[in-house]
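Please walk me through this structure in the viewer, one selection after another. At each stop, tell me what to select and what is found there.

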Amino acid sequence: MHILLLKEPRDGESGPDPYIKELASHGHKATLIPVLSFKFVSLNTLSDKLFQPEKHGGLIFTSPRAVEAVKMCLEAEERREEWNSSVKDKWNTKSIYVVGKATAALVQNLGLNPLGEDTGTADVLSRLIIERVPLETLTVYQTAEHPDLEKNLKTYFIEQGTPASIAFFSPSGVKFCLEMVQRLSGEQLTQIKFAAIGPTTQDEMTAEGLCVSCTAEKPTAEHLAAAIAKALQ
């Protein structure tokens with residue numbers, strides 16, 4: 001059956017997206033349409049903080065995009081050598097937290113040793129952190145609707161028809177896509193099995209009046225594919 005994944009492609013991975021691959025192993029044909037575009041902000045401030053590890057108790061990376069912001073700082077300032085020779089080791093004496101495996105893998109590429117990749121959600125990770133440290137937050141990117149979202153969705157519905165299942169990967173994905181999905185699927189909307197990557201996305205879908213058929217037990221390709229396959233049986 002046809003599955004529509006409303007998510008960004010996985011950063012820095014060659015070959016098919018793991019979600020497409022997992023769904024294929026269950027016999028389903030998945031298509032990925034990116035929902036969000038990103039604009040980086042406050043990179044000068046981030047750079048200053050990155051090179052003053054002694055002023056901080058640790059780092060929390062909330063998404064792959066946050067890791068990308070750090071990478072941009074190292075390249076823009078041509079400070080990769082300084083980072084590799086001394087700064088990353090100072091950070092590694094502190095706690096470095098991540099939500100999820102994708103972010104953890106990218107953080108390891110920076111030479112850092114992350115904790116918390118198995119927590120799976122911000123709620124669970126935050127409980128782990130709050131027990132240990134006070135927090136300072138820095139927003140390093142803003143999200144907006146992907147410029148080609150409407151065009152890509154229209155093309156998908158024209159070429160593939162209404163999918164058997166649609167998976168949402170973020171509350172902002174629901175916000176940007178829902179009205180278009182409702183318009184394009186028309187009377188067939190009630191036949192679609194809607195899937196959520198996690199509880200926060202599920203809450204947003206429910207708040208918008210969608211009937212959520214399944215939610216991944218953990219935010220991984222394996223768990224989501226299993227949940228969708230079960231819902232479509």
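## Stop 1: Ser42 and the way into helix 2

Select Ser42, which sits in the loop between strand 3 (36–40) and helix 2. The model is a predicted one. Ser42 is not a glycine, yet its phi is positive, at about 60°. With a relative accessible area of 34%, Ser42 is partly exposed.

## Stop 2: Helix 2 against helix 3

Next select helix 2 (residues 43–50) together with helix 3 (residues 64–76). The two helices pack at an angle of about 80°, and their axes are 9 Å apart. Helix 2 is therefore roughly perpendicular to helix 3, since angles of 65 to 115 degrees fall in that class. To show the contact, display Leu43, Leu46, Ser47 and Leu50 from helix 2, and Ala69, Val70, Met72 and Cys73 from helix 3. What is the division of these residues into nonpolar, polar and charged? Seven are nonpolar, one is polar and none is charged.

## Stop 3: Aromatic pairs

The structure contains five aromatic pairs. Two of them are visited here.

Select Tyr19 and Phe169, an edge-to-face pair with 5.1 Å from centre to centre and 90° between the planes. Tyr19 belongs to helix 1 (residues 18–25), while Phe169 is in the loop between strand 7 (165–168) and helix 8 (171–185), so this pair ties together parts that are 150 residues apart in sequence. Both Tyr19 and Phe169 are buried.

Now move to Phe168 and Phe194. Is this pair stacked or edge-to-face? The pair is stacked, with a centre-to-centre distance of 6.2 Å and 15° between the planes. Phe168 is in strand 7 and Phe194 is in strand 8 (residues 193–196), so the parts tied together here are 26 residues apart in sequence. Phe168 is buried, at 1% relative accessibility, and Phe194 is buried at 2% relative accessible area.

## Stop 4: Ala195 in strand 8

Stay in strand 8 and select Ala195. Ala195 counts as buried because its relative accessibility is 0%, and the cut-off for buried is under 20%. Residues up to four places away in sequence aside, Ala195 touches Ser165, Ile166, Ala167, Phe168, Met205, Cys214, Leu224 and Ile228. To check one of these, draw a C-alpha to C-alpha distance from Ala195 to Ile228: they are 6.7 Å apart in space and 33 residues apart in sequence.

## Stop 5

Select Ser170, in the loop between strand 7 and helix 8. Ser170 is buried, with a relative accessible area of 17%. Which residues does Ser170 contact, apart from neighbours within four places in sequence? They are Leu36 and Thr201.

Then select Gly173, which is in helix 8. Gly173 has a relative accessible area of 1% and is buried. Setting aside neighbours within four places in sequence, the contacts of Gly173 are Val35, Phe168 and Leu178. His146 is 27 residues from Gly173 along the chain, and the C-alpha atoms of the two are separated by 9.9 Å.

## Stop 6: Leu189, between helix 8 and strand 8

Select Leu189 in the loop between helix 8 and strand 8. Leaving out residues up to four places away in sequence, Leu189 touches Val181, Gln182 and Phe194.

## Stop 7: Cysteines

Finish with the cysteines. How many disulfides does a search of the whole structure find? The search finds zero. A disulfide is a covalent bond between the sulfur atoms of two cysteines.

Select Cys177, which is in no disulfide: the nearest cysteine sulfur belongs to Cys214 and is 17 Å away. Cys177 is buried, with a relative accessible area of 0%.

Conventions. Residues are numbered from 1 along each chain as its sequence is written. This is a predicted model: local features need pLDDT of at least 70, side-chain atom pairs count only at pLDDT 80 or more; totals for chains, interfaces and linings use all residues. Side-chain values use heavy atoms; hydrogens and water are left out. Axes are lines fitted to C-alpha atoms, for helices over the stretch in contact, and angles run from 0 to 180 degrees between N-to-C directions. Helices (H or I, at least four residues) and strands (E, at least two) are DSSP runs, numbered from the N terminus. Angles under 35 degrees count as roughly parallel, over 145 as roughly antiparallel, 65 to 115 as roughly perpendicular and the rest as oblique. Contact means heavy atoms within 4.5 Å. Ala, Val, Leu, Ile, Met, Phe, Trp, Tyr, Cys and Pro count as nonpolar, Asp, Glu, Lys and Arg as charged, and the others, Gly among them, as polar. A disulfide is a pair of cysteine sulfur atoms within 2.5 Å. Buried means under 20% relative accessible area, exposed over 50%, partly exposed in between (1.4 Å probe, protein chains only). Rings of Phe, Tyr and Trp (its six-membered ring) pair if their centres lie within 6.5 Å; planes under 30 degrees apart count as stacked, over 60 as edge-to-face and the rest as tilted.
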